[in-house]
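Please keep the sequence and the model open side by side while reading. The text below goes through the chain's domains, sheets, helices and ligand surroundings in turn.

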Amino acid sequence: MNVVIGAGISGLSAGQLLGDDVVILEKNAVAGGLAGQYRAGGFAFDYGGHYFHFQGKPGIKEHVEGFHSFRMYRRDSKILLGKRFIPYSLQYHLAYLPARLRRPILEEIMVAGGEGGDDLESFLQAHFGEKLFQLFFAPFMGKFYGRPLSTLLAGMDKGSIPVPRKEEVLAGARGRQRGGEGYNPVFYYPEGSLQGFIDDYGRPLAGRMRCNEEVVRIETQQRRVHTRAGSYRYANLVSTMPLRALLGMIDPPPPFPRRQLQHLSTLVVNVVLSRRRRRFHWLYLPEKRFPFYRAGYYPGSGAVAVYLEKTVAAPSLPDARELFRETVFTLRQTGMIADAREILLHDPKVIPVSYVVFDRNWPRLVPGILAHLRRQRIFSIGRYGSWNYSSMADDILMARETAMALAQS
Ligand SMILES: Cc1cc2nc3c(=O)[nH]c(=O)nc-3n(C[C@H](O)[C@H](O)[C@H](O)COP(=O)(O)OP(=O)(O)OC[C@H]3O[C@@H](n4cnc5c(N)ncnc54)[C@H](O)[C@@H]3O)c2cc1C
């Protein structure tokens, strides 16, 4: 039998291709993981995954549309600097900066040589110059990662930080707008709700899914997975739980320092508002005055729901009153509310493992750990299983490729 740990988007995608002799063990009461939703005060909020970006993943859009219909959105995201709402990405839209900032930034970018070292700080400085680095990248990414950018590897962000050609920078400085750069110029959201899609996506697997079954131990020699309720013998084990947690469950323990696998925890404040005052999809907040690094509107035509995100050191909720004060401050300063009375509901959630940190330990450890597990017939996949940076569409692709290889082996 093949056993899958986790009924998030990766576990469901793998389960679909592993035949009838498969069981999916999920610790929560419902499927979805971070691609699911939860309800509070009569409203449904996404956990983490919001938009699907299908670019460069042929066949995935058609695959998910076989289960549910999706609506396309053209990205309208902004960066707030002072009182200016600047279209994302800043490097393509220098015309929106005041001339005293624009000129020296432009001069630096035009002579920037590119490449730099392998760390994120020198990658950004080499491509965008010191001034743009100090104005946007250092404060924004410093707030997001909560650690020096010189300790991070550039590789992870190369895809999500588009590097314009010099003539594109010049055109942007003269006011010619672009919209197609970056990893998600258009994106998709399920009609109705994200949970509606997940329910449709998981329905064919209903008989093979065991919810409220938390895996607590994996015996590799006997190839046996233990849950709180029982145990399952596996021929192949596909795990989608965070790699760091998986390593802690394996018996005998594999010879890896799992605590050196670093990650971020994200606090998301979900808010329902009485009206929509801004049109952007999401807004990047580099400035120190904002405790959050991003604010965004949930897609869909129902209630006006927004989220505010910040990186937190510990996966526990901070003081509720202080958090509400920060929420009101951010929503007012960004023009998303005029008055705190427009807030109908606010609900904070912490995502304990939200983003993997690509520091110097990552290349030293992760590929070797995944190869070691594969030799023991454990296939650790998905954004957190493979300890990587991926979107839901990437996760579907990875899960399908893994399951197809297993089905043929
Ligand atoms: C703040 C945030 C915003 C994001 N925005 C986007 C976005 O806009 N677009 C996008 O494409 N992606 C986005 N992502 C990424 C996206 O959410 C993930 O790539 C995707 O949801 C990962 O799916 P998964 O199935 O691999 O993992 P998960 O969703 O984490 O699923 C793993 C499952 O395993 C279960 N599990 C864990 N431990 C056990 C255990 N011991 N026993 C049994 N079950 C267990 C969990 O309950 C869970 O259901 C975002 C992520 C975050 C954090």
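A residue is called buried here if 20 or more other C-beta atoms lie within 10 Å of its own, exposed if there are 12 or fewer, and partly exposed in between. The model is a predicted one. By that count, strand β6 (residues 77-81) is mostly covered, with 4 of its 5 residues buried.

Strand β6 has two partners to look at. On one side, β6 pairs with β16 in the parallel sense over 3 bridges, and within this pairing S77 has W282 of β16 as its bridge partner. The other pairing is with strand β7 (residues 84-87), which runs antiparallel to β6 and is joined to it by 4 bridges. Here K78 is bridged to P87 in β7. The hairpin made by β6 and β7 has 2 residues between the strands, and G82 in this hairpin takes a positive phi near 60 degrees. As a general point, strands of a sheet pair through backbone hydrogen bonds, either parallel or antiparallel.

From β16 the chain can be followed into a loop. P291 is found between β16 (282-284) and β17 (294-297). Is P291 buried or partly exposed? P291 is partly exposed, because it has 19 other C-beta atoms within 10 Å, and the cut-off for a buried residue is 20 or more. Apart from its neighbours within four places in sequence, P291 is in contact with K310 and E326. Q91 lies 200 residues from P291 along the chain, and the C-alpha atoms of the two are separated by 24 Å.

Next comes the division into domains. The domain assignment gives domain 1 (2-38 + 55-72 + 192-261 + 359-408), domain 2 (90-174) and domain 3 (263-356). The centres of domain 1 and domain 2, taken over C-alpha atoms, are 36 Å apart. Where these two domains touch, the contact takes 4 residues from domain 1 and 4 residues from domain 2. On the domain 1 side, the touching residues divide into 2 nonpolar and 2 charged, with no polar residue.

A further sheet can now be traced. This sheet is open and has 4 strands in the order β12-β11-β10-β14, with mixed pairing. The edges are β12 (231-233) and β14 (250-251); each has a single partner strand, so one side of each is left without a neighbour in the sheet. β10 and β11 form a hairpin with 4 residues between them, and R223 in the turn has a positive phi of about 50 degrees.

Two helices show how buried residues can be arranged around an axis. In helix α6 (residues 194-202), the buried residues are L194, Q195, F197, I198, Y201 and G202. Seen down the axis of α6, these residues fall within an arc of 155 degrees, so they line one face of the helix. They pack against α1, β3 (37-40), β4 (43-46), β8 (186-190) and β9 (209-210).

Helix α5 (residues 166-173) has V169, G172 and A173 as its buried residues. Why are they on the same side of α5? They cover an arc of only 100 degrees around the axis, which puts them there. What covers the buried residues of α5 includes α3 (99-111). Just after α5, G175 takes a positive phi of about 105 degrees.

The last stop is the ligand. It is surrounded by 34 residues, of which the closest are G6, G8, G33, G48 and G382. The elements that give two or more residues to this shell are α1 (9-16), β19 (343-356), α10 (382-385) and α11 (392-408). Domain 1 and domain 3 each supply at least three residues to the shell. Sorted by class, the shell around the ligand has 13 nonpolar, 15 polar and 6 charged residues.

Technical notes. Residues are numbered from 1 along each chain as its sequence is written. This is a predicted model: local features need pLDDT of at least 70, side-chain atom pairs count only at pLDDT 80 or more; totals for chains, interfaces and linings use all residues. A residue is near a molecule or strand if its C-beta atom, placed from the backbone, lies within 6 Å of it. Ala, Val, Leu, Ile, Met, Phe, Trp, Tyr, Cys and Pro count as nonpolar, Asp, Glu, Lys and Arg as charged, and the others, Gly among them, as polar. Domain bounds come from an automatic or database domain assignment. The arc is that of the directions from the helix axis to the C-beta atoms. Two residues are in contact if their C-beta atoms, placed from the backbone, lie within 7 Å. Two strands pair if DSSP finds at least two bridges between them.
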